[in-house]
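Here's a quick briefing to read with the model open beside you. We'll go through some helix packing and then the ligand site.

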Amino acid sequence: MRAIHVSAHGGPEVLDLVDLPDPRPAPGQVLVAVDTAGVNFIDTYRRAGIYPSSPPYVPGVEGAGEVVELGDGVTDLRVGDRVAWCDADASYAELVTVRAERLLPVPAEVDLSTAGSSLLRGLTAHYLLDGSAHPTRGDTVLIHAGAGGVGSILTRWAARRGIRVITTVSSAEKEALSRRAGAAEVVRYGDDLVERVRDLTDGVGVSTVYDGVGAATFDQSLAATAVRGTVVLFGAASGPVPPVDLQRLNTAGSLSVTRPTLAHFIADPAEFAWRADEFFRALVDGVLDVKVGRRFPLDAARDAHRALESRATAGTTGLAVGRSR
Ligand code: NDP
C-alpha cells in the first residue's frame, strides 16, 4: 500500500511517500480502506518531536473509510461498513488497522471526506462546550482562530446554543468565514485585542476564552477573561505557553485555567459514543455545517502540513486517499 512515513523529526520535508506491506488485522482489530485521513496539529507536533514519537512511522490519528476485513472476535461490524476514527495510529495510508471499539459508524447522510477530516475537531468542540467549560445561553465567550477547524465548529455550535461568540482571525477572508459560522463579533489579533473585548462586554470580559493559539495569545486570554471566568488552553498553533505563575490567576480575577486534551474526554466508551452521536446528529440535522476547508492528495502530505502550520487553511484539513479522491 501507499503510505506516508515520518523519516525523522523535523519540518514537513521529513514526510515521504513510501510503499509498505499491507497490514492485517490482529484479533479485535478491523482493516479499513482509508478514504480520507484528517490532518491535525497533533500530527505536526509529533512530526516535529514536540510530542513523543519514534521515526520512522506512519502518521495520522484520524480518518474515515470502508471496512475491508475483520480480525478474529469482531462481531458488530461488516465488510463494507462506513466508519470513522480519531484516535488510531498510521492513518496517512491506503489501509489502516483500528481496534473495533474505536470505530464509529458514519451516518449515510455524512460523506467520508467530511467525517474523516472533522471528527477529531468536532469531538474537541463538543468537549470544549460540555466538559472543559460549560458556557450557557446568554454567556459571552472568546474563541481564538475562529475560522480554523476547531474554531469554526466551536463557534457554530456555541452560537446555536445561544452563546454570544467573539472570535479572533488574521484576515478579512477569515473574518467573513467566522461571521458565517456564527460569530457575533470578530476582532483581529493585536495590541488592542483586550481593549476590544472589554469594550464589547461593557468592561466585564468574557466568561470563557477558548485558546488553541497558545504562546501568541495566552496573556491576552487571561486579560480578557471576566472575574471568576475560565481560560481553556487547548492548543499551541503559535507555540507552547511558557510556565505560568499561578498567582497571576488571583490578580487577574480568581480565574481558572485548564489545559485539556481530547483523549481524556473520549477514553470511556459510553462518553465516546455520546459525544460522537451528538456530533454526527448535529451534522445530519444541519445544526453544524462542516465543509472540508483544504483537501490534499496523499502524496502532498508535506503541502498539507505546510498549509496548516502557516495559517493557510480555514475550516478542516484532510488528505484524499481513497475513492473520493
Ligand atoms: P486551525 O484550523 O485552527 O489552524 C490553526 C489556526 O491558528 C490558524 O489557521 C491561524 O488562524 C491560527 N494561528 C494563530 N497564530 C498562529 C501561528 N503562529 N501559526 C499557526 N497558526 C496560527 O487548526 P485546528 O482546528 O486543527 O486546531 C486548532 C488548535 O486546536 C491547535 O492548537 C490544535 O493543536 C488544537 N487542538 C487541540 C485538541 C485538544 O484536545 N487539546 C484537539 C484538536 C486540536 P488565523 O490565521 O485566523 O490566526
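**Helix packing and ligand contacts**

Helices α2 and α9 sit roughly perpendicular to each other, because the angle between them is about 115 degrees. Bear in mind that this is a predicted model. Helix α2 also packs against α3, crossing at roughly 50 degrees, and the ligand has 29 residues around it.

**α2 against α9**

- Helix α2 covers residues 112-132 and helix α9 covers residues 269-284, and their axes are 9 Å apart.
- On the α2 side, the residues in contact are Thr114, Ala115, Ser118, Leu119, Gly122, Leu123, His126, Tyr127, Asp130 and Gly131.
- Facing them from α9 are Phe272, Trp274, Arg275, Ala276, Glu278, Phe279, Phe280 and Leu283.
- Sorted by class, this α2–α9 contact has ten nonpolar, five polar and three charged residues.

**α2 against α3**

- Helix α3 runs over residues 149-160, and its axis comes within 9 Å of the α2 axis, with a crossing of roughly 50 degrees.
- That angle is why α2 counts as oblique to α3.
- The crossing of α2 and α3 is right-handed.
- From α2, the contact uses Ser118, Arg121, Gly122, Thr124, Ala125, His126, Leu128 and Leu129.
- From α3, the partners are Gly149, Val150, Ile153, Leu154, Trp157 and Ala158.

**α1 against α10**

- Helix α1 (residues 41-48) and helix α10 (residues 301-309) have axes 10 Å apart and pack at about 105 degrees.
- So α1 and α10 are roughly perpendicular to each other.
- Phe41, Asp43, Thr44 and Arg47 of α1 meet His305, Leu308 and Glu309 of α10.
- By class, the α1–α10 contact has two nonpolar, two polar and three charged residues.

**Around the ligand**

- Of the 29 residues surrounding the ligand, the closest are Val150, Ser170, Tyr189, Gly212 and Leu262.
- One of these, Val150, also belongs to the α3 side of the α2–α3 contact.
- Ser170 has a side-chain N or O atom 2.5 Å from an oxygen atom of the ligand.
- For Lys174, a side-chain N or O atom is 2.7 Å from a ligand oxygen atom.
- Arg311 places a polar side-chain atom 2.7 Å from an oxygen atom of the ligand.

Conventions. Residues are numbered from 1 along each chain as its sequence is written. This is a predicted model: local features need pLDDT of at least 70, side-chain atom pairs count only at pLDDT 80 or more; totals for chains, interfaces and linings use all residues. Side-chain values use heavy atoms; hydrogens and water are left out. Axes are lines fitted to C-alpha atoms, for helices over the stretch in contact, and angles run from 0 to 180 degrees between N-to-C directions. Helices (H or I, at least four residues) and strands (E, at least two) are DSSP runs, numbered from the N terminus. Angles under 35 degrees count as roughly parallel, over 145 as roughly antiparallel, 65 to 115 as roughly perpendicular and the rest as oblique. Contact means heavy atoms within 4.5 Å. Ala, Val, Leu, Ile, Met, Phe, Trp, Tyr, Cys and Pro count as nonpolar, Asp, Glu, Lys and Arg as charged, and the others, Gly among them, as polar. A crossing is left-handed if the near helix is turned anticlockwise from the far one by less than a right angle, and right-handed if clockwise. A residue is near a molecule or strand if one of its heavy atoms lies within 4 Å of it. A polar contact is a pair of N or O atoms within 3.5 Å; within protein, one must be able to donate a hydrogen and the other to accept it, and residues adjacent in sequence count only if both atoms are side-chain atoms.
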